[in-house]
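Please read the notes below with the model open beside you, and look up each part as it comes.

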Amino acid sequence: METQELKKIASQVRRDIVRMVSAVSSGHPGGSLGCADFLTVMYFDKMNHCPSPFSMDGKNEDLFFLSNGHISPVFYSVLARAGYFPVADLNGFRKLGSKLQGHPSTDKNLPGVRMASGSLGQGLSVAIGAAETKKLNGDKSIVYCLHGDGELQEGQIWEAAIYAAAKKIDNVIATIDYNGRQIDGDLEDVMSLGNLSQKWHAFGWDVLEMDGHDMDDLKSTLDKAKSMTGNGKPIVIIMKTEMGQGVDYMMGTHKWHGSAPNAEQLESALNQLEETLGDY
Amino acid sequence: MTKAINIEVLGKKDTRSGFGEGLLEVGKKNKHVVALCADLTGSLKMNAFEDEFPERFFQVGIAEANMMSMAAGMTIGGKIPYTGTFANFSTGRVYDQIRQSIAYSKKNVKICASHAGLTLGEDGATHQILEDIGMMKMLPNMTVIVPCDFNQTKQATIAIAEHEGPVYLRFGRPSVPIFVKPDANFQIGKADQIIEGSDVTIIACGHLVWKSIEAAQILAEKGISAEVINMHTIKPLDEKAILTSIAKTKCVVTAEEHMINGGLGDSVAQVISRNNPTPQEYVGVDDSFGESGTPDELMTKYHIDTQDVVDAALRVIKRK
């Protein structure tokens, strides 16, 4: 898909995100805005996937697992805009009885979600499990997963990292949303990850880096990552992003990790984000 | 005169070996079955499956959290993963992984847990989990099974592949008498009446089923007719079997190798308090960690032995 088209979709996704969280005065806009470009490129350009009918098993489809489940607004918006469910369903976000739970779940059969996430650190293992099944099934598709950088403080991530390298899980592409911020503050202050690239290298992964807000870099790096699959090594992409990207007052701070804009702030945000596909 | 009780003993083996044999058999029957183990292949008796199906066996090393979430992921695409490690590391260590990725996500994972309870023995309290039934039964969508002997563990291991959804299967380390017939039809959620009786109902699971049979024999010598029910499935619980029996006996003893808090006895108490309040006595560990010792010594010291079942039966009969 053309870069211009992808940018239009991402702008609408960002509008969806701020409207969803503002409507219920809760949710996580910061990381959601930061990953809007990435998920747009994934679902509208890179992944081979079938929105309808949705198949839990996803045989011969690329799979995506959102490990940092708190950025559900961006996930839900992209899934809806890609055709997994009606965009009007975004109205239900975080409301009683809705399929759009605060954190993604399979409990109410929301198309596009294959695993609950929210408690951090589990999604890399899940992706590796799904990748093992694809290998057993002779399915050449790729399993993608996304993680927050703060999430890498969870020990299970590194259990999974060891496994994937030791067992040559070369059909997984993990992406790290490296925005450098977490709830309590800057990642460097809360718990530094040190040299993240070297860590992944040392764990036996092939490491790529990309700019999470440059559509062309996203496309070319994801292509490169795909070309590296099947070579006996797992692949991780460290994606530099800005938390709150696209809304000026949400950028440059960790404060919008998990708080929603009020009506006035919402209006300011929407003035910065072009409505391209029609609001839900 | 209460008639003598004759239960045919077919041999003596550990229940974990029943799991190992069952896993191999279910692997042959169902090509979707895969197995994961966290560096305890020998202890779990998973070697035969590994030798027969190396491509379907996943050694994950000492990383149980990764194993549980991986197993959940492996269901996507149609596999039926059986995870194997000690009961302690199958539950408490990985509760959140099970909760989010398996139970809440309704994934078809079979959590197979060995060395449960005090009868792990000399390793001591760090490994002797007595809370696992409680933790697992509290999870929505989870089925909890505690078979009583080698044959039943083998049968349960095979049966759970046909059940769509998360299962916790708990078994143990010591060699115990085998009394379930090798061709018995194991049904999840359907209790087995082992001995018919009229004075007291004894509902037991796991290793305490044999202890309860021994207790019934001692009670019979005292002229007391005890009904022994093997409640191999803690969840879903066979309420009908409980209510039918206590309608006749008017009192019940529950017996398990588990903490009294949160175990089989708690589940039985809920059923009878709602439907037919009846005196109940509990045989289980009373809010205590275990310690090192032989399995027999520990069963005696922590009051989950044959005599404890006898004493509980005598107490509860007096309360009728």
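1. In chain B, among contacts between residues at least 6 apart in sequence, 80% join residues at least 24 apart, where two residues are in contact if their C-beta atoms, placed from the backbone, lie within 7 Å. This is a predicted model, in which local features need pLDDT of at least 70 and side-chain atom pairs count only at pLDDT 80 or more, while totals for chains, interfaces and linings use all residues. Residues are numbered from 1 along each chain as its sequence is written, and chains are lettered from A and ligands numbered from 1 in the order in which they are written.

2. The C-alpha atoms of chain B fill a box of roughly 60 × 40 × 35 Å, taken along the principal axes.

3. Chain B is divided into domain 1 (11-178) and domain 2 (192-318), with bounds that come from an automatic or database domain assignment. The C-alpha centres of domain 1 of chain B and domain 2 of chain B lie 25 Å apart, and 27 residues of domain 1 of chain B are in contact with 30 residues of domain 2 of chain B.

4. Between the chains, the contact takes 29 residues from chain A and 22 residues from chain B. Helix 5 of chain A gives the largest share of the side of chain A that touches chain B, 10 residues, where helices (H or I, at least four residues) are DSSP runs, numbered from the N terminus.

Conventions. Helices (H or I, at least four residues) and strands (E, at least two) are DSSP runs, numbered from the N terminus.
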